[in-house]
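This report walks through selected features of one structure. Please look at the sequence and the model first.

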Amino acid sequence: MTFHKKDYDNKILGADAALDGVRSGMNIAMGMAVAEPPALLEALARRVESESLTDIKLWYFHSMDHAAKSVLRPDMLGKVRPHCMFLSNVERSLMRENSEIQDRIEFVPVSFSESPKLLSEEVQLDLFITAVSPMDRHGWFTFGVSNDYSTTAARSAKRLVVEVNPDMPRILGESLLQISEVDAVVENQQALIEVQHGKPSKEDETIADIVAGLIDDGSCLQMGIGNLPNAVCSRLRDRQDLGIHTELMTPALASLVECGAVTNRRKTTYRGRNVFTFAMGDREFYSYLHDHPAMHSAPVQIVNDPRHIAKNDNVVSVNATLQIDLSGACNSEHMRGKQYSGAGGQLDFVRGANASSGGKSIIACRSTAKGGEVSRIVSKLDGPVTTPRNDVHYIVTEHGCADLRGRSLHERRAAMIKLAHPKFREELEKQH
């Protein structure tokens, strides 16, 4: 411990001093979601302001409050150029407030599984900053709730600065970082961002019933975040020997581990372990993840690789979308003429589930938006195709379920119209 502690102590700096080398034109990446490092982001914003830095290219997936209050403030944009691979409420709020801001946010289309390759091979990162769990007596940190692209970006950037937060859970798996790999350490204890969800709507409850009916004992689950996946999970507590291999670990999935519905004993890869690449939830959930021997964090290029997903049998992938055309093609990232989110890992898991023996890919959404004024089932998509019609399997709305695999375009059209809200069906029948 003496050697590692000495190395650690020699690398401790204040946040401002740790970013002393930041210059205009640099490529900087930050930990995503709950792993945003607040002290370092605030220090970066101060440095940009005090030194009049410009053209700082900031690379990331899924920003949250810490970035919103520092480097992604409206007055920072232009000096800091966000290179965002997945838009969140932060960017959407900025664009709603000021239409000119939309041009200052650079959206970078990329699948989640390919983001590590992008950041390590295509982008020459000058700096990577992220929050980590405290170092153990052997000199190892973990990347905590955010493995994703972080484990790759941390080792490909010219400089790595970590923000050690005692509130960050120590999560086991392929998430270790040695003190010798770190250039500077900033200590900052701060409560992790918590993600809460409301009560599922009546439509969500109906959809959840349908989706849960497609999930058998022994299925290997991938679920997203939100009211609908939570509602689905609440209906699976009586299942046996479920497995988890998911992009995102959530409290709803963890509850299935705790109640015994998930054992992971039927999986081919990582048998007995719950595999994920990042996690979001509440304080109780983060505490549950800490040092849990069955929780296995792995890089996104492993977790989201369709070839790796498909090694497990009976994979069930449940994802949401914004819009579906009559052939089954899904737009899950574009709304009202604007980029709304990103492709994320949806297609990764759709293809992984499809290639799994006995696998099922499920795309679920309410049939309408804007309080029932707009149909999500349309004759032509308004935005890009996130999941192509060649890849779709099950489509579910509150009006039913359609298995589109092997069905002709005419058959798909008829099935999709039945999934639309009744008040839009006649209009869809007339469209070609």
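The sections below cover strands, helix packing and a few loop residues.

## Basis

This is a predicted model, in which local features need pLDDT of at least 70 and side-chain atom pairs count only at pLDDT 80 or more, while totals for chains, interfaces and linings use all residues. Residues are numbered from 1 along each chain as its sequence is written, and side-chain values use heavy atoms, with hydrogens and water left out.

Helices (H or I, at least four residues) and strands (E, at least two) are DSSP runs, numbered from the N terminus.

## The six-stranded sheet

An open sheet holds 6 strands in the order E11-E10-E16-E21-E25-E26. Its pairing is mixed. Two strands pair if DSSP finds at least two bridges between them. Strand E11 (243-244) and strand E26 (400-403) are the edges, each pairing on one side only.

Inside this sheet, strand E21 (residues 360-364) runs parallel to strand E25 (residues 394-397), and 3 bridges join the two. Ile363 stands opposite Ile395 in E25. Helix H14 (residues 346-355) packs on the sheet. H14 touches strand E10 (220-223), strand E16 (315-320) and E21. The direction of H14 makes about 150° with that of E16. Axes are lines fitted to C-alpha atoms, for helices over the stretch in contact, and angles run from 0 to 180 degrees between N-to-C directions.

Which residues of H14 are buried? They are Gln346, Asp348, Phe349, Val350, Gly352 and Ala353. Buried means under 20% relative accessible area, exposed means over 50%, and partly exposed lies in between (1.4 Å probe, protein chains only). The buried residues of H14 pack against E10, E16 and E21, and also against helix H12 (300-303), helix H13 (306-309) and strand E18 (330-331).

Asp391 sits in the loop between strand E24 (377-378) and E25. Its relative accessibility is 12%, so Asp391 counts as buried. Leaving aside neighbours within four places in sequence, Asp391 is in contact (heavy atoms within 4.5 Å) with Leu347, Val350, Arg351 and Asn354. Val350 is also one of the buried residues of H14.

Strand E5 (residues 127-132) is mostly covered, with 6 of its 6 residues buried. Leu127, Ile129 and Ala131 point one way. Phe128, Thr130 and Val132 point the other way. Both sets are buried.

E5 pairs with two strands described here. With strand E1 (residues 27-30), the pairing is parallel over 3 bridges. Ala29 stands opposite Phe128 in E5. With strand E7 (residues 160-164), the pairing is parallel over 5 bridges. Ile129 stands opposite Val161 in E7.

## Two helix pairs

Two packed helices are described by the angle between their axes and the distance between the axes. Take H8 and H9. The axes of helix H8 (residues 202-212) and helix H9 (residues 227-234) come within 8 Å and cross at roughly 50°. The pair is therefore oblique. Angles under 35 degrees count as roughly parallel, over 145 as roughly antiparallel, 65 to 115 as roughly perpendicular and the rest as oblique. H8 passes H9 in a right-handed crossing. A crossing is right-handed if the near helix is turned clockwise from the far one by less than a right angle, and left-handed if anticlockwise. From H8, Asp204, Glu205, Ile207, Ala208 and Val211 meet Asn227, Leu228, Ala231 and Val232 of H9. The contact residues divide into 6 nonpolar, 1 polar and 2 charged. Here Ala, Val, Leu, Ile, Met, Phe, Trp, Tyr, Cys and Pro count as nonpolar, Asp, Glu, Lys and Arg as charged, and the others, Gly among them, as polar.

Helix H15 (residues 409-419) and helix H16 (residues 422-430) also have axes that come within 8 Å, crossing at roughly 155°. H15 and H16 are therefore roughly antiparallel. Their crossing is right-handed. Arg413, Ile417 and Lys418 of H15 make the contact with Arg425, Leu428, Glu429 and Lys430 of H16. These residues divide into 2 nonpolar, no polar and 5 charged.

## Positive phi values

Most residues other than glycine have a negative phi. Tyr270 has a positive phi, near 50°. Tyr270 lies in the loop between helix H10 (251-258) and strand E13 (274-276). At 16% relative accessibility, Tyr270 counts as buried.

Asn314 has a positive phi as well, near 55°. The place of Asn314 is the loop between H13 and E16. At 33% relative accessibility, Asn314 counts as partly exposed.
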